[in-house]
Amino acid sequence: MSKKLSNKVAVVTGASKGIGASIAKHLAAEGASVVVNYSSSKEGADRVVAEITKDGGKAVAVQADVAKGAEIDQLFAATTKAFGKLDILVNNAGIYDFKPLEAITEDSFHKQFNLNVLGLILTSQAAAKHFGANGGNIINISSLVSTIAPANSAVYSATKAAVDAVTKSLAKELGPRKIRVNSINPGLVITEGVHAAGFAGSDFEKEFVKKAPLGRVGKPSDIAPAAVFLASDDSSWITGETLIISGGPQ
Ligand code: NAP
C-alpha cells in the first residue's frame, strides 16, 4: 500500500522532543521528508533525525528560533536547500508558563505571545510563500486550554485561544489557494516540557485524570496520528477546524 504522505515535504517546529518529535516521526513513517526544527536541543533533534533515517525515512535537523522572523526565513531557506519544496507546516513550538494573576509579568506575557502567536503567524506567512501550485497544509498545535481555560493559565490560555482564531481566519483566507489550516488541541500530554513545568505527578494532573472520561493523561503518540490525518488527503475537505484530543470532554 502506498504511504499517505509520499513525496511530501514537512516542517515541524519544535520537533526535538515532546509532541513535535512524535509528529515528525509519524509524518516521516508515512513517507514525508521532514525538517526537524529545534531551538536549543541539537542533541534531541539529531536523535529524532537518526530514528527517522534508521527506519528508512528522510529528515534533517534545522536550528531556528521561530519567535524571530529572520530565523524563520533561514528555516525555510534550509528546507528548500534540503528537499526543494514545501507541502506541510506543523506549528508545534510553544511554551507554557502557568502563573497566578499576581505573578504574571510583562516578560512572561511577551515570551509566550511572541512564540505561541506571533511566531506561529510569521512561520505561516513564510510557509504560505513557499507552498507550490498544489497548495499546502498548516497544522497548528493549540490546546484544550483554549476552551477550558484553567485557573493560573490566563496568559497561556489566551495564546491558544488566539491560535484557534488564527486557524479559522487563515483557513478562510488561504482556502482559495488550496492551503488548508487546522489545529489540534491536546489535553494534558506527558512530555519533557510538562515534566520541566512540574505538572507530572501534580494535583493538576490528578484533577485532569479524574475529569477525563478515558481516565488517563496522554502520550505524544496519542496526538501524532491526527497530524498525519490532517496533513493527508484523507482530510481534503476539512479546514478551519479545531480537533480536541484529550481523552474526552472535561
Ligand atoms: P516540550 O516538551 O517543551 O517541547 C517543546 C519543543 O519546542 C522543543 O522541541 C523545543 O526545542 C521547541 N521550542 C521551544 N521554543 C522554541 C523556539 N523559540 N523556536 C523553535 N523551537 C522551540 O513541549 P510539548 O509539551 O511537546 O508541547 C508542544 C506543543 O504542544 C506546544 O505548542 C504546547 O503549547 C502544546 N501543548 C502541549 C500540551 C501538553 O500537555 N504537553 C497540551 C496542549 C498543548 P528546544 O528543546 O530546542 O528548545
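Start your tour by selecting Ser-16: one of its polar side-chain atoms sits 2.7 Å from an oxygen atom of the ligand. That is a polar contact, meaning a pair of N or O atoms within 3.5 Å. Before you go on, note that this is a predicted model, where local features need pLDDT of at least 70 and side-chain atom pairs count only at pLDDT 80 or more, while totals for chains, interfaces and linings use all residues. Residues are numbered from 1 along each chain as its sequence is written, and side-chain values use heavy atoms, leaving out hydrogens and water.

Next, pick Gly-14, where a backbone N or O atom lies 3.2 Å from a ligand oxygen. Then try Val-189: a polar backbone atom there is 2.8 Å from an oxygen atom of the ligand. Of the 900 Å² of accessible area that the ligand has on its own, the protein covers 92% (Shrake-Rupley method, 1.4 Å probe).

Now move to the sheet. Seven strands make an open, parallel sheet in the order 3-2-1-4-5-6-7. Strands are DSSP runs of E with at least two residues, helices are runs of H or I with at least four, and both are numbered from the N terminus; two strands pair if DSSP finds at least two bridges between them. At the edges, select strand 3 (58-63) and strand 7 (242-245), each of which pairs on one side only.

Asn-140 has Ser-183 in strand 6 as its bridge partner.

Terms used:
A polar contact is a pair of N or O atoms within 3.5 Å; within protein, one must be able to donate a hydrogen and the other to accept it, and residues adjacent in sequence count only if both atoms are side-chain atoms.
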